[in-house]
Amino acid sequence: MTSEPVVVAAPGRRRVYWHGALSLAVLIGAACLARRHWPVLEQGAVRLAVADQGWLLVGATAAAATWVCAALAQQGAVVRRLPQGRLVAAQFAACAANHLLPAGLGAGVVNLRFLMRCGLPAGRAASALAVKGTAGVAVRAVLIVALTVACPGVLRMPRLSAGVLLALLAAAVGVAGVLAWSRCRRALAAVIADIRAVHANPSRAAALWGGSLAFAALHALVLIAVTQAVALSLPPARVALLYLAASSAAALLPTPGGLGSLDAALALALTASGAPATAAASAVLGYRLLTVWLPLVPGLVVLGVLVRRKAL
């Protein structure tokens with residue numbers, strides 16, 4: 001009997017090791033890039049230090065509001081009513097944990113344990129996280145399409161032939177089919193059942209979609225506020241589109257909180273859109289300061305308190 005847990009846990013550990021190795025590789029690459037462009041980063045930090053404090057306060061307020069929106073979306077993904085105070089605190093703690101573990105693993109673990117402490121079975125809690133994640137991806141896709149139409153020419157998609165597009169579509173459908181009809185079939189059925197249950201309750205559906213929309217919009221607003229603070233003359237709609245596109249691309253690399261991957265993607269997107277390198281570095285540093293570094297230690301403290309009180 002003692003050997004069974006080891007056999008079951010081994011594949012999970014191997015996935016964690018691979019994620020960790022890939023995250024480490026990305027972080028090393030980001031460190032090399034930072035060292036190569038250190039003068040630009042140093043000038044960007046100086047520019048951020050003398051930025052407009054009013055706009056930075058707007059950005060900080062928007063960053064704090066994202067935790068409330070995350071809590072709203074998580075409540076919308078669950079039919080059962082959750083304790084509001086602990087729910088917001090769990091999102092704050094999950095944000096901090098997400099910057100310590102790769103590919104959103106920290107936030108997923110915190111939210112999963114919180115939902116289970118609230119009485120949800122493990123399968124139902126995991127399904128609720130999947131519903132919330134699906135809504136977040138859908139909202140981001142809609143926002144990117146809408147902003148691309150409003151800001152033509154900002155995103156330049158590569159030109160692909162019809163044959164290549166059909167091949168990519170066929171591959172995506174094939175992979176989705178394999179996943180759906182093998183190990184993930186039951187999980188997919190549970191997620192679909194939960195989506196139907198949530199949308200049978202209009203208030204829960206409104207919380208799910210409204211919270212997901214506000215969460216993405218407020219993160220974009222943080223970057224917009226920082227660009228205004230450092231006098232980066234880009235239209236707000238364009239900055240929002242660049243943020244959504246860069247953060248979606250950075251999500252493909254499993255670094256803790258997108259560290260390194262998101263920074264590089266944001267800097268590249270801003271400079272490609274015409275921003276000076278120093279101003280782009282200031283905007284990225286300011287965004288990271290407000291969304292990661294300032295809340296990190298308080299978030300870890302809240303995480304410790306929740307664990308001690310057995311709320312996680």
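This is a predicted model: local features need pLDDT of at least 70, side-chain atom pairs count only at pLDDT 80 or more; totals for chains, interfaces and linings use all residues.
Val139 sits in helix α6, which covers residues 122-150. Once neighbours within four places in sequence are set aside, its contacts are Trp209, Ser212 and Leu213.

**The overall layout**

Stepping back for a moment, the chain contains twelve helices and zero strands. Of its 312 residues, 39% count as buried. Contacts between residues at least 6 apart in sequence can be sorted by separation, and 75% of them join residues at least 24 apart.

Two packed helices are described by the angle between their axes and the distance between the axes.

| Helix pair | Axis distance | Crossing angle |
|---|---|---|
| α6 and α9 | 9 Å | about 55 degrees |
| α3 and α6 | within 9 Å | roughly 120 degrees |
| α9 and α12 | within 9 Å | roughly 130 degrees |

The axes of α6 and α9 are 9 Å apart and meet at an angle of about 55 degrees, so α6 is oblique to α9. Their crossing is right-handed. From α6, the contact draws on Val131, Lys132, Ala135, Gly136, Ala138, Val139, Arg140 and Leu143, while α9 brings Leu208, Trp209, Ser212, Leu213 and Ala216. Sorted by class, these residues comprise nine nonpolar, two polar and two charged.

Helix α6 also packs with α3, a helix spanning residues 53-76, at roughly 120 degrees. That angle makes α3 oblique to α6, and this crossing is right-handed. Ala70, Ala73 and Gln74 of α3 meet Ala128, Leu129 and Lys132 of α6. Four nonpolar residues, one polar and one charged make up the contact.

Moving on along α9, which runs over residues 202-229, we reach its crossing with α12, residues 277-308, at roughly 130 degrees. α9 and α12 are therefore oblique to each other, and their crossing is right-handed. On the α9 side the contact involves His219, Val222, Leu223, Val226 and Thr227; on the α12 side it involves Ser282, Ala283, Gly286, Tyr287, Leu290 and Thr291. The residues fall into six nonpolar, five polar and no charged.

**A salt bridge in α12**

A search of the whole structure finds one salt bridge, and it pairs Asp263 with Arg288, whose closest N and O atoms are 3.0 Å apart. The two partners are 25 residues apart and belong to distant parts of the chain: Asp263 is in helix α11, residues 261-272, and Arg288 is in helix α12. Is Arg288 buried or exposed? With 5% relative accessibility, Arg288 counts as buried, because the limit is 20%.

How values were computed. Residues are numbered from 1 along each chain as its sequence is written. Side-chain values use heavy atoms; hydrogens and water are left out. Axes are lines fitted to C-alpha atoms, for helices over the stretch in contact, and angles run from 0 to 180 degrees between N-to-C directions. Helices (H or I, at least four residues) and strands (E, at least two) are DSSP runs, numbered from the N terminus. Angles under 35 degrees count as roughly parallel, over 145 as roughly antiparallel, 65 to 115 as roughly perpendicular and the rest as oblique. A crossing is left-handed if the near helix is turned anticlockwise from the far one by less than a right angle, and right-handed if clockwise. Contact means heavy atoms within 4.5 Å. Ala, Val, Leu, Ile, Met, Phe, Trp, Tyr, Cys and Pro count as nonpolar, Asp, Glu, Lys and Arg as charged, and the others, Gly among them, as polar. A salt bridge is a side-chain nitrogen of Lys or Arg within 4 Å of a carboxyl oxygen of Asp or Glu. Buried means under 20% relative accessible area, exposed over 50%, partly exposed in between (1.4 Å probe, protein chains only).
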